[in-house]
Amino acid sequence: MAGVFSAKIASNNAGLSSSPDCAYYEYDDAAGEDEAYQQDVLNNRNKEARASQYARTCYDSGESSAPFSCNMFYNQSIGYKTLTDQRCPFASSDMCSQGLYSAVTFDTSLVDASVIGINALSTHKFRRKTTCSPLNMSEPYVQSVPSSTNDTYRYRYGSKKDSTAYTFETSGRPFQWLAPVYSANTYFSSLYSSEDYWQPLPSLKPPADSTLTIIFVSSMHIYHTKPSLDPIFHATEPRYFDGSRDPYYYNSDPRARVLACADKTELCSPDGESCWPLTGPTPGHSPSPPPYWLTKWSLKSSNIYDSLKLRLGAALLAQESISQSISLPLSSNHWQSEASQLFSTSLARIQSDAWDIATGADREKPGYVEKTPDEAKDQLCGIVKTKRENYTNVNLFAFIGLPCLAITIFVLSWDVRTFPGWTLRRGSWSRT
């Protein structure tokens, strides 16, 4: 019995954030100068890279083998399921290069905000869902510029606000450039589409209340040990070298390959019965408690675009497969692994941003101003749980129960028949 109580004294190593600086901060163009803007870009790149590294290290690690760095958040990861052969998410299925049911979807289903450490009697729920697919690269979407002598291509997946009628342009043959890297460029269509720099084609529009990220990937001077049939990381042209029996393979196509992802983020009521987009009001327009605001702000940068926009090609898993100019073999659906990693990064960003708000991480950065609304001001401290090494919570019941049990056992162990000064005779006690 004593062993049961003693085993339950240490319950877990979770603790509440104790920073007095908790608040939501945003960079304000009017408050910062050019140097402050550059520091803001670097700050966001670091956040992006931090989330990516955490996702790579911890989202595929089992709890038993995860390194210490994976125990920094209340839960190691936010779970999700992967669904292949999904319907093309865009307004026209012609936009998906591999057919109507060729997309991949990543879906968290409903997640209670307590999973990211929000500590409150009633917590809202959220859902993150992303669907990705390689895009159709036939005409009229990708066109060669006739007058060009340098293999110039224009990618007509929408227009830009500077009156450019196409989305992206490439020139030259990337394989001839001696850098053994993947180059990536990306554009984004937000929930405020009328204000966006890039306006996607009507046929490329994502589902309602969804954002859209388009990614252009060019492979430069990279050889593969096996042919790569992946639609984004394609390499099938053989090249033989003296002294080598088997050929290496490279991508002889000068065009960039195109991947697009539709992101949807929903906030939901505590009972999960009603949901709304991040830009929508809460049902009934009732005042929102501080835990709701913390949850909402934590979701703000959770999308594919904010998972690679500042690292671009360095964000790709395929880049890590290259040594000198040689790439390890890639699967025929490697693009799905890339999309999965970017989605995991977007989930890790929720976890890290929640902690940054709870600790006021951006408080002293130049150009940042507090944006906490009045109904949550000074009420965000101490409502986010985390895990810390060398910190252990105590089970109060077990802590009190163990000494009480010891006293009880001690009393019951007395030999009452020989208690000094008393004798048991015929069922009654008498003084001797």
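**Exercise 1.** Decide whether cysteine 58 and cysteine 70 are buried or exposed, and describe the link between the two.

*Solution.* Start with accessibility: cysteine 58 is buried, and cysteine 70 is buried too. Here buried means under 20% relative accessible area, exposed over 50%, and partly exposed in between (1.4 Å probe, protein chains only). Next, look at the sulfurs: a disulfide joins cysteine 58 to cysteine 70, S to S 2.0 Å, a disulfide being a pair of cysteine sulfur atoms within 2.5 Å. The torsion about this S-S bond is about -85 degrees, so the disulfide is left-handed.

A word on the source: this is a predicted model, where local features need pLDDT of at least 70, side-chain atom pairs count only at pLDDT 80 or more, and totals for chains, interfaces and linings use all residues. Residues are numbered from 1 along each chain as its sequence is written, and side-chain values use heavy atoms, with hydrogens and water left out.

**Exercise 2.** Work out which handedness the link of cysteine 88 and cysteine 96 has.

*Solution.* First, find the bond: a disulfide joins cysteine 88 to cysteine 96, S to S 2.1 Å. Then read the torsion: 85 degrees about the S-S bond makes the link right-handed.

**Exercise 3.** Find how many disulfides the whole structure holds, and how the bonded cysteines pair in sequence order.

*Solution.* The search of the whole structure gives five disulfides. Numbered in sequence order, the bonded cysteines of the protein chain pair as 1-10, 2-3, 4-5, 6-7, 8-9. One of the disulfides joins cysteine 22 to cysteine 381; cysteine 22 is buried at 8% relative accessibility, whereas cysteine 381 is partly exposed at 32%.
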